[in-house]
Amino acid sequence: QVQLVESGGGLVQAGGSLRLSCAASGNFFSLYRMGWYRQAPGSQRELVASITDGTSTNYADSVKGRFTISRDNAKKMAYLQMNSLNPEDTAVYYCNAGATLQTGVHSDYWGQGTQVTVSS
């Protein structure tokens, strides 16, 4: 099992920045992918950014050039640096991880989410 705990959300004015963190714990062999998703009220959950264990990254078009995903494998952490925030970025942000368990099984895990609110 893998537990993911997000932190760093909050209220920020448009144009501001926030840094989200995701701490992973549990009994797993590796996290081959970590990512951030978000869900705004009345909308579907969408991918924001993802990063493989080889540090290959992928971003939603709406955040390219503004958000940066990174990870620290030794600390079992993932980060999302969010700059130039606008009200359309308001959502609950979820950490996601694809893990290889000690048994060799691949499984997908989610954190509880952290609220990001951008005021205009």
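The tour below goes from a sheet to a group of charged side chains and ends at a single asparagine.

Before selecting anything, bear in mind that this is a predicted model.

**First stop: an open sheet**

Select β1, β3, β8 and β7, which in that order make up an open sheet of 4 strands with antiparallel pairing. The edges are taken by β1 (2–7) and β7, and because each of these has a single partner strand, one side of each is left without a neighbour in the sheet. On average, neighbouring strands here are turned by 15° against each other, direction ignored.

In general, the strands of a sheet pair through backbone hydrogen bonds, in either a parallel or an antiparallel manner.

**Second stop: the charged side chains**

How many salt bridges does the model contain? The count comes to 5. Select Arg38, Glu46, Arg66 and Asp89 together, as these residues are linked in a network of salt bridges.

Centre the view on Asp89, whose side chain meets that of Arg38 in a salt bridge of 2.9 Å, N to O. Since Asp89 lies in the loop between β8 (77–82) and β9 while Arg38 belongs to strand β4 (residues 28–39), this pair ties together parts that are 51 residues apart in sequence. Asp89 also forms a salt bridge with Arg66, at 2.8 Å from N to O. Here Arg66 comes from the loop between β6 (57–59) and β7 (67–72), so its pairing with Asp89, in the loop between β8 and β9, ties together parts that are 23 residues apart in sequence. Asp89 and Arg38 are both buried, and Arg66 is buried as well.

For another salt bridge, select Lys64 and Asp61, whose side chains meet at 3.1 Å, N to O. Is Asp61 buried or exposed? With a relative accessibility of 66%, Asp61 counts as exposed.

**Last stop: Asn96**

Finally, select Asn96 in strand β9 (residues 91–101); it counts as buried because its relative accessibility is 1%. Display its side chain together with those of Arg33 and Asp108: a polar contact of 3.1 Å joins the side chains of Asn96 and Arg33, and one of 3.0 Å joins those of Asn96 and Asp108. Leaving aside residues up to four places away in sequence, the residues that Asn96 touches include Leu4, Met34, Tyr37 and Trp110.

Technical notes:
Residues numbered from 1 in each chain as written. Predicted model: local features only at pLDDT ≥ 70, side-chain atom pairs only at ≥ 80, totals over all residues. Heavy atoms only, no water. Helix = DSSP H or I, 4+ residues; strand = E, 2+ residues; numbered from the N terminus. Buried < 20%, exposed > 50% of the residue type's maximum accessible area, 1.4 Å probe, protein only. Polar contact = N/O pair within 3.5 Å; in protein donor to acceptor, adjacent residues only side chain to side chain. Contact = heavy atoms within 4.5 Å. Salt bridge = Lys/Arg side-chain N within 4 Å of Asp/Glu carboxyl O. Pairing = 2+ DSSP bridges. Axes fitted to C-alpha atoms, helices over the stretch in contact; angles between N-to-C directions.
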